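Take a look at this chain and how its parts meet. The walk below goes from the whole interface to single side chains.

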Amino acid sequence: EAPVRLVEQGPLDYLTLDYLAEITMSILQKQKQADPNLGYARDFPPLIARIAPYIRDRGVKVVANAGGVNPVACAREVNRLAPGLTVAVVVGDDVFPRLDEFLAKGYEMRDIDTGEPLGPIRSRILSANAYIGAFPLAEALATGADVVIAGRSTDTALALAPMVDRFGWLPEDHDKLAAGTIAGHIIECGAQSSGGNCQVDWTSIPDMAAIGYPIVEAEPDGTFSVTKHANSGGRINTHVIKEQLLYELGDPKRYLTPDCVADFTSIRLEDAGPDRVRVSGIRGGPRPPTLKLSIAYTTGWKAIGTLVYSWPQALEKARAADHIVRERLRSLGLSFDEVYTEFFGVNACHGPAAPSNTDPPEVQVRIGVRGPDRKAVDRFTRELIPLVLNGPPGATGFGEGRPAVREIVAYWSALVPREEIRTEVQVVAGYRSGELS
């Protein structure tokens, strides 16, 4: 409901929506392989249909990366459900079909974290997408489109693109681009920057059931304010914004994006009124010569099961259950890359830093395994539920039965020269007389 509330509760020029996590791309790629008309965020077109009157009557522009691995199909569905809107798509980020071409050119696409070359996992890759920046999205906005749909754009580009389009910023405007990038970083997690997930005085944050989502009010010089609609729940102040600024942050002086390098240490924050923070002073540098690839690949199977043991001796029961399962796996000759156990209610969240709690009223034991052999993982799933009658007393929480076996999708990030990624803007024709074009 958040996007609907944003356009209902007050004035808005642009509505930006981020749909993609790294693993999402592999899920969408599988959907597209099964059906060439899928591969996008399927809840996006119905949302556009709901807010279409605001788009038409108030001139609200929508920018989203809901296209996943099939932006054109997403646009066609938007046209079908919300006829009359102009929809532009940005394509070119999906490089899954080009991986062999890149390897043939000598790009090893080594993992950014480990330095290992891509070749050994080539056969297990599910998806590969380049993170694209704001300028292709701004080019799409310049067509006059009501709705702009991209694939794997960066989260920050969704907010920066309207500023590039409206203010005419150039690739050389490093400070302004860095400011727009940081504005996008502040709002990319939605209500996390308007009071959600906040540790500062969180018990007094008002009306979180109707929390207001953040709004950026940007200026041509790169300064901006973060606020929310009046009478919505939540809270915006410098404490809240600081927590979001630290989210998913590496080197704070070199926050790398396709558009620029942003220096988070230059940020100046000021409480500028109720639920309003002014942001200024941001400095930036030239964009890097490479673009980052988001690659998903399979790496085995996993299963996770849980049981709950009640007082008395809840922790002793949970530990005994873990011991029994591990003994059973050994006696069956099953081996895994990892067997991992957590005791919720005791130390699962904080590990050795957790305060001592030797007699908890209840404990949930969660046991997971992962390995390359699906049959072995499936065999593990048969060993947990029998503990209800064949193990320590007082077990509950087993209503869902055997845990599911799931494929493990791992993440690989690599770099390619910027010039290898060629984006293109397409305006998708509308829905007329039962036909799509």
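In domain 1, Glu 22, Arg 124 and Leu 126 lose the most area to domain 2. Together they make up 56% of what that side buries.

This is a predicted model: local features need pLDDT of at least 70, side-chain atom pairs count only at pLDDT 80 or more, and totals for chains, interfaces and linings use all residues. Residues are numbered from 1 along each chain as its sequence is written, and side-chain values use heavy atoms, with hydrogens and water left out.

Now find the two parts. Domain 1 covers 1–293 + 415–428, and domain 2 covers 298–411. These bounds come from an automatic or database domain assignment. The domain centres, taken over C-alpha atoms, are 38 Å apart.

Which residues touch? Ten residues of domain 1 are in contact (heavy atoms within 4.5 Å) with five residues of domain 2.

Next, look at charge. The rule finds one salt bridge across the interface of domain 1 and domain 2. A salt bridge is a side-chain nitrogen of Lys or Arg within 4 Å of a carboxyl oxygen of Asp or Glu. The side chains of Glu 407 and Lys 30 meet in a salt bridge, at 2.7 Å from N to O.

Notes. Buried area is the accessible area (1.4 Å probe) that two parts lose on being put together, summed over both.
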